[in-house]
Amino acid sequence: MKEEIIIAGFGGQGVLSMGKILAYSGLMEGKEVTWMPSYGPEQRGGTANVTVILSDERISSPVLNSFDVAVILNQPSLEKFESKVKPGGILIYDGYGIHHPPTRTDINVYRINAMEAAIEMNNTKALNMIVLGGLLKLKPMVSMENVLKGLKKSLPERHHNLIPLNEKAIMKGMEIIQKA
């Protein structure tokens with residue numbers, strides 16, 4: 001098993017923490033893991049992305065030019081990364097931030113209305129967990145138990161009371177992701 005993933009959007013959408021939770025979850029399962037964030041100096045509001053590799057075998061390089069999975073939360077990221085999804089790979093996008101949906105026909109495209117669901121849940125900060133739920137439904141690369149442990153590890157202790165809400169958001173994402 002080897003999954004090469006890019007998660008991209010605006011700073012402040014939880015892109016980096018989504019990647020971190022995936023990475024922690026993989027570590028807890030004894031997988032080889034890389035987590036490589038990339039963001040501009042404006043962090044909040046600027047574009048941000050993170051590359052995560054989860055593998056059963058050693059990872060030769062954390063630098064990738066193509067991905068098995070792209071999780072896209074805004075139009076600039078779609079324009080930058082749609083072409084870098086390997087043929088047969090998966091592209092997941094949140095309908096809220098995309099004005100011109102993906103056009104490739106050699107990849108599997110899924111839409112998740114995560115912002116809409118986050119607003120319904122009355123918690124826009126849960127957007128990234130809803131998207132993570134959609135990703136894990138399509139690619140159950142780590143167990144839910146370890147995702148919750150990863151969440152606990154990446155959240156400051158003062159926010160541990162939010163873990164049940166985040167778990168609910170992950171479940172919601174698993175329900176609402178759909179083939180585009």
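Leaving aside neighbours within four places in sequence, Lys31 is in contact (heavy atoms within 4.5 Å) with Met1, Gly26, Leu54, Ser55, Asp56 and Met141. The model is predicted: local features need pLDDT of at least 70, side-chain atom pairs count only at pLDDT 80 or more, and totals for chains, interfaces and linings use all residues. Residues are numbered from 1 along each chain as its sequence is written, and side-chain values use heavy atoms, with hydrogens and water left out.

- Lys31 sits in the loop between H1 and E2; helices (H or I, at least four residues) and strands (E, at least two) are DSSP runs numbered from the N terminus.
- Lys31 is buried at 16% relative accessibility, whereas Glu29 is partly exposed at 29%; buried means under 20% relative accessible area, exposed over 50%, and partly exposed in between (1.4 Å probe, protein chains only).
- A salt bridge joins the side chains of Glu29 and Lys31 (3.3 Å, N to O), the term meaning a side-chain nitrogen of Lys or Arg within 4 Å of a carboxyl oxygen of Asp or Glu.

**Other salt bridges**
- The count comes to 7 salt bridges by this rule.
- Asp68 pairs with Lys86 in a salt bridge, with 3.2 Å between the closest N and O atoms.
- Asp68 belongs to strand E4 (residues 67–72) and Lys86 to strand E5 (residues 85–94), so the pair ties together parts 18 residues apart in sequence.
- Asp68 counts as buried at 19% relative accessibility, and Lys86 as partly exposed at 26%.
- Salt bridges link Lys2, Glu4, Asp68 and Lys86 in a network.
- Arg104 and Asp106 also form a salt bridge through their side chains (2.8 Å, N to O); Asp106 is partly exposed, with a relative accessible area of 39%.

**Ile112**
- Ile112 is part of strand E6 (residues 108–112) and is buried, with a relative accessible area of 0%.
- Residues touching Ile112, not counting those up to four places away in sequence, include Ile92, Tyr93, Ile130, Val131, Ile176 and Ile177.
- Ile112 and Met141 are 29 residues apart in sequence and 19 Å apart in space, C-alpha to C-alpha.

**Helix H5**
- Helix H5 (residues 144–154) has Met144, Asn146, Val147, Leu148, Gly150 and Leu151 buried.
- These buried residues pack against helix H1 (15–28), helix H4 (127–138) and helix H6 (163–176).
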